[in-house]
Amino acid sequence: MKAPAFLIVVVCFASIALADDFKTIDGREYKNATVSRVEPDGIVLVTKSGISKIYFVDLPKEVQERFHYDPAKIAAEQKAVEDKRIEEQKAAERERAEREENAEADIKQSAEKFEAAEQRASQTYQSATKGTLSGQVFVSTAGGENFKLGAVQVSLFARDATDALLTGVKNYADYKIQQLSGPVADAKAALDQAEANKKAASDAVYQAIKVRGDWKEAQRTQDVAREAAKTAGQQYWEINRKLNVCYSGAFYFAYLQSPIQTVETDADGKFAIEVPRTGTFVIAAQARRSVGDYTEHYYWLQPVSLEGQQHRVQNLSNNNLTSTTGTSSLILTKD
């Protein structure tokens, strides 16, 4: 008679779960152990003491053969995994280098097109019928005090050329931000860990002094931890500074070259610049002011048009900085 199917399953299960004794080559014993899982480099045992993993290299040869342990095969598999990891890393690096090369080429092309367009606009400017755009450059404090900014360069650019450039610069800034965000996060994590190690070392010194232990050795460890935290802080500050530049007006203004016309504000921050009476243009200005130990940076990038008139006024103040939301500024920065 044939045995019932459920009986065969029970018998097979019992053979797999059969308890056995295992002894490692260094003498460790596992009595009445059940093999719950066989892995490429060892077996996982369940005993009354709990779950343990024993590596095949620690077991006798007959046990290795019983579970078909093949170190050469494992080494080959590990090498294949490592080779794949290295190749993926190289592919990722090639892709990163290609993206960087393309981004650099794109921004270079945008800048070259912008400068060429500005040179053409400068030639047209010479024979154009002009009016005057005047204004004042100043900033206000939270207390309502106004600071007039003298010796500030106010430059005139063609609007269409500027719009095209800003699109290219924005794309390049986005690329740089994406490129730097990961390293900045890693540097911040390293700094946090270094600060935690410094605090732990400081606590250890306090505890050693408290129990009259070897506080000098603890002090040496603290000195090492402090230096490591200082280095980590410097590394984080440097790479985070590069990231912050990508959000700033300085990043955009670095590409604003070859203006049609430039004037300078007087001691009262006032300026007057000749602008063609027809057409659309942009005025750009940047300034800075020392406030104690801190330097404030200001950027303006405003669209202008005389719309056929002889004269118009355009002030540059806190109200239309590139960092002020809800204004007519052509860019929004985080200065």
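In strand β3, G42 is the bridge partner of E39, and strand β2 (residues 29-39) is joined to strand β3 (residues 42-47) by 5 bridges, the two running antiparallel. Strands here are DSSP runs of E with at least two residues, helices are runs of H or I with at least four residues, and both are numbered from the N terminus; two strands pair if DSSP finds at least two bridges between them. This is a predicted model, in which local features need pLDDT of at least 70 and side-chain atom pairs count only at pLDDT 80 or more, whereas totals for chains, interfaces and linings use all residues. Residues are numbered from 1 along each chain as its sequence is written, and side-chain values use heavy atoms, with hydrogens and water left out.

These strands belong to an open sheet of 4 strands in the order β1-β2-β3-β4, with antiparallel pairing, whose edge strands, β1 (20-23) and β4 (50-55), each pair on one side only. Neighbouring strands of this sheet are turned by 55° against each other on average, direction ignored.

## The three-stranded sheet

An open sheet of 3 strands has mixed pairing and the order β10-β5-β13, with β10 (270-276) and β13 (311-313) as edge strands that each pair on one side only. Its neighbouring strands are turned by 25° against each other on average, direction ignored. Strand β5 (residues 130-136) and β13 run parallel and are joined by 3 bridges, and S134 stands opposite V313 in β13.

## The packing of α4 and α5

Helix α4 (residues 159-210) packs against α5 at an angle of about 160°, their axes lying 7 Å apart; axes are lines fitted to C-alpha atoms, for helices over the stretch in contact, and angles run from 0 to 180 degrees between N-to-C directions. α4 is therefore roughly antiparallel to α5, a term that applies to angles over 145 degrees. The residues of this contact divide into 24 nonpolar, 8 polar and 6 charged, where Ala, Val, Leu, Ile, Met, Phe, Trp, Tyr, Cys and Pro count as nonpolar, Asp, Glu, Lys and Arg as charged, and the others, Gly among them, as polar.

## The largest pocket

The largest pocket holds about 370 Å³ of space, a volume being the space filled by probe spheres set on grid points that are joined across faces, edges and corners. On a 1 Å grid over the protein atoms alone, a pocket is an open set of points where a 1.4 Å probe fits, with protein on both sides within 12 Å along at least five of seven lines, and lining residues have an atom within 4 Å of a point. Of its 15 lining residues, Y294, T295, H297, K334 and D335 are the closest to the centre. α5 (215-246) and β12 (294-304) each supply at least two residues of the lining, β12 giving the most, with 6 residues.

Definitions and conventions: Angles under 35 degrees count as roughly parallel, over 145 as roughly antiparallel, 65 to 115 as roughly perpendicular and the rest as oblique.
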